[in-house]
Amino acid sequence: VQLQASGGGSVQAGGSLSLSCAASGGVFDSYAMGWFRQAPGKEREFVAAISRTGASTDYVDSVKGRFTISRDNAKNTVYLQMNSLKPEDTAVYYCAADGPFNSRLYYSRYEYNYDYWGQGTQVTVSS
């Protein structure tokens with residue numbers, strides 16, 4: 001599975017960005033998907049995850065109510081809508097795929113479960 005993330009950029013605090021991650025080379029709707037981020041000098045951290053059907057989602061506490069993960073299996077794409085952005089959201093954002101699975105509800109918060117990673121897209125939020 002190859003993943004291509006896009007949509008990053010620079011925005012002022014309070015603004016919005018929408019990230020996309022296009023998948024190819026696999027049966028996309030067999031994979032749970034996740035977004036992770038890595039800020040300068042910090043370890044990569046979990047941001048959001050979605051099950052293969054979209055029936056289950058999960059978020060790190062710091063983005064709950066501001067970020068929304070979704071997927072369009074017909075387009076082989078997972079999205080991360082980011083609203084009310086804060087300077088502490090500044091990071092390189094990575095999409096990742098975990099699977100394949102049969103479970104409609106499964107997802108993981110742990111990067112060691114993810115087998116495939118995109119190249120990352122930079123998000124910079126200025127105050």
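1. N83 is partly exposed, with a relative accessible area of 29%.

2. A word on the model. This is a predicted model, in which local features need pLDDT of at least 70 and side-chain atom pairs count only at pLDDT 80 or more, while totals for chains, interfaces and linings use all residues. Residues are numbered from 1 along each chain as its sequence is written, and side-chain values use heavy atoms, with hydrogens and water left out.

3. Where does N83 lie? N83 sits in the loop between β8 (77-82) and β9 (91-98). Strands here are DSSP runs (E, at least two residues), numbered from the N terminus. N83 and N73 are 10 residues apart in sequence, yet their C-alpha atoms are 23 Å apart in space.

4. Next, the surroundings of N83. Setting aside neighbours within four places in sequence, N83 is in contact (heavy atoms within 4.5 Å) with G15, S16, R66 and F67. The side chain of N83 also makes a polar contact with the side chain of Q81, at 2.9 Å. A polar contact is a pair of N or O atoms within 3.5 Å; within protein, one must be able to donate a hydrogen and the other to accept it, and residues adjacent in sequence count only if both atoms are side-chain atoms.

5. The structure holds one disulfide (a pair of cysteine sulfur atoms within 2.5 Å). C21 and C95 form this disulfide, with sulfur atoms 2.1 Å apart. C21 lies in strand β3 (residues 17-24) and C95 in strand β9, so the pair ties together parts that are 74 residues apart in sequence. The link of C21 and C95 is right-handed, with 60 degrees about the S-S bond. Are the two cysteines buried or exposed? C21 is buried at 0% relative accessibility. C95 is buried too, with a relative accessible area of 0%.

6. Look at β3 next. Its covered face holds L17, L19, C21 and A23. The uncovered face of β3 holds S18, S20, A22 and S24. Two strands pair if DSSP finds at least two bridges between them. Five bridges join β3 to β1 (residues 2-6), and the two run antiparallel. A5 stands opposite C21, and L3 stands opposite A23. β3 also pairs with β8, antiparallel, over six bridges. There, C21 stands opposite V78.

7. What is the strand order in the open sheet? The order is β1-β3-β8-β7, four strands with antiparallel pairing. The edge strands are β1 and β7 (67-72), each pairing on one side only.

8. V11 has V125 as its bridge partner. β9 and β11 pair in the antiparallel sense over three bridges. The covered face of β11 is T121, V123 and V125.

9. Last, the interior. In soluble globular proteins, nonpolar side chains tend to be buried together. The largest nonpolar core has 36 residues, and M33, W35, L80, M82 and Y93 have the most contacts inside it. Such a core is a set of buried Ala, Val, Leu, Ile, Met, Phe, Trp, Tyr and Cys residues joined through side-chain atoms within 4.5 Å.

Definitions and conventions. Buried < 20%, exposed > 50% of the residue type's maximum accessible area, 1.4 Å probe, protein only.
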